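Below is a walk through one protein model, taken feature by feature. Please keep the sequence and the coordinates open while reading.

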Amino acid sequence: MLMDLLQETLRTLRVYGIKPRKRLSQNFVVDKCLVETIVSYASPSINDNVLDVGAGLGALTTRLAEKAGKVIAVEIDKRLVEVLRNKFKNYGNVEVVHGDILDLNIDASIIVGNIPYHISTPILFKILTMNFRRAILTLQKEVAERLVAKPGSQHYGRLTVSANIQANIEVLGTYPPESFYPPPEVFHSVVLITPKREVNVDLKLLNSLLIRLFSQRNRIVKTVLRRSLINDFGLSKGVELFKAIAESIPENKRVYQLTIDEIVSICNKLTLQFKYGNS
């Protein structure tokens, strides 16, 4: 099973004279079990538009096209776009888009993809802004660990907090380097992201707050926030704002120890001050 897809991948690369580009994190899936896991959890129907991020040579796109109403295969490398357009020229439900997913606005109910490792964090933040029902993504194992990290742990950070406020996240399984060609030096995890129906926080303010907090993740929260507010609003207004929200800030906690609920509480107190306060 593994060998069949690997041989097909090698043949395609040879026919088109393509050498995988390391700078684009080009590692093509050659594990049919991995492909079937993604398709199974994606579970597209004839009513779904599916966005395939970083479609590569189209191994995942092919299986999705058998089930979905439409598959939008996005690929940044024009060499691979040629492969995809030739492969799917007779498919009425596959659209191949040459472009950078970070620059595109595409409507899709389901998002899938083997996400390029060098830009996985920006892509995740991009996906979280989109309107979708579920996303099934293959990520570097370390990135997946960041998504489900606990407060106080090494991997806990801005991505963890932002993603978990906006979605429910589940790691579905981990796969070895040999699941891809050429095999990278890392393991991969498949992650299911399901957006939450309600997000009770100002996301724009939250993002600004998280950037300021986690740029100094090892420092005491109160120290970081007081200095940040003074830098942003000046001494008088900054101190006034800090005093107004001080009770919502845990004593002696460092940034990386804050729970998601505590961060939401701080953000909501700031929102109220900006909306109703005198600052």
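The model is predicted.

The largest pocket holds about 600 Å³ of space. Its lining is made up of 39 residues, and those closest to its centre are Phe28, Gly54, Ala55, Gly56 and Glu75. Helix α1 provides the largest share, with seven residues. By class, the lining of the largest pocket comprises 22 nonpolar, 12 polar and five charged residues.

The second largest pocket has a volume of about 260 Å³. Pro20, Arg21, Lys22, Ser25, Gln26 and Asn27 are among its lining residues, as are Tyr117 and the run Pro182, Pro183, Pro184, Glu185 and Val186. Six of the residues in this lining are nonpolar, three are polar and three are charged.

Most residues other than glycine have a negative phi, and most peptide bonds are trans. Serine 25, in the loop between α1 and β1, has a positive phi, near 55 degrees. Proline 182 sits in the loop between β8 (180-181) and β9 (188-195). The peptide bond that leads from tyrosine 181 into proline 182 is cis, and its omega is near -15 degrees.

Next comes a single side chain. Asparagine 164 belongs to helix α7, which spans residues 158-166. A polar atom of the asparagine 164 side chain lies 2.7 Å from the backbone oxygen of threonine 160. Beyond its neighbours within four places in sequence, asparagine 164 is in contact with Leu147, Ile169, Lys196 and Ile260.

The crossing of α9 past α10 is right-handed. On the α9 side, the contact is formed by Lys222, Leu225, Arg226, Leu229, Ile230 and Phe233. These meet Leu235, Lys237, Gly238, Val239, Leu241, Phe242 and Ile245 of α10. Sorted by class, the residues of this contact are nine nonpolar, one polar and three charged.

How values were computed:
Residues numbered from 1 in each chain as written. Predicted model: local features only at pLDDT ≥ 70, side-chain atom pairs only at ≥ 80, totals over all residues. Heavy atoms only, no water. Left-handed = near helix turned anticlockwise from the far one by under 90°. Helix = DSSP H or I, 4+ residues; strand = E, 2+ residues; numbered from the N terminus. Contact = heavy atoms within 4.5 Å. Nonpolar A, V, L, I, M, F, W, Y, C, P; charged D, E, K, R; others polar. 1 Å grid on protein atoms, 1.4 Å probe; cavity = no way out; pocket = protein on both sides within 12 Å on 5 of 7 lines; lining within 4 Å. Points joined across faces, edges and corners; volume = space filled by probe spheres on them. Polar contact = N/O pair within 3.5 Å; in protein donor to acceptor, adjacent residues only side chain to side chain.
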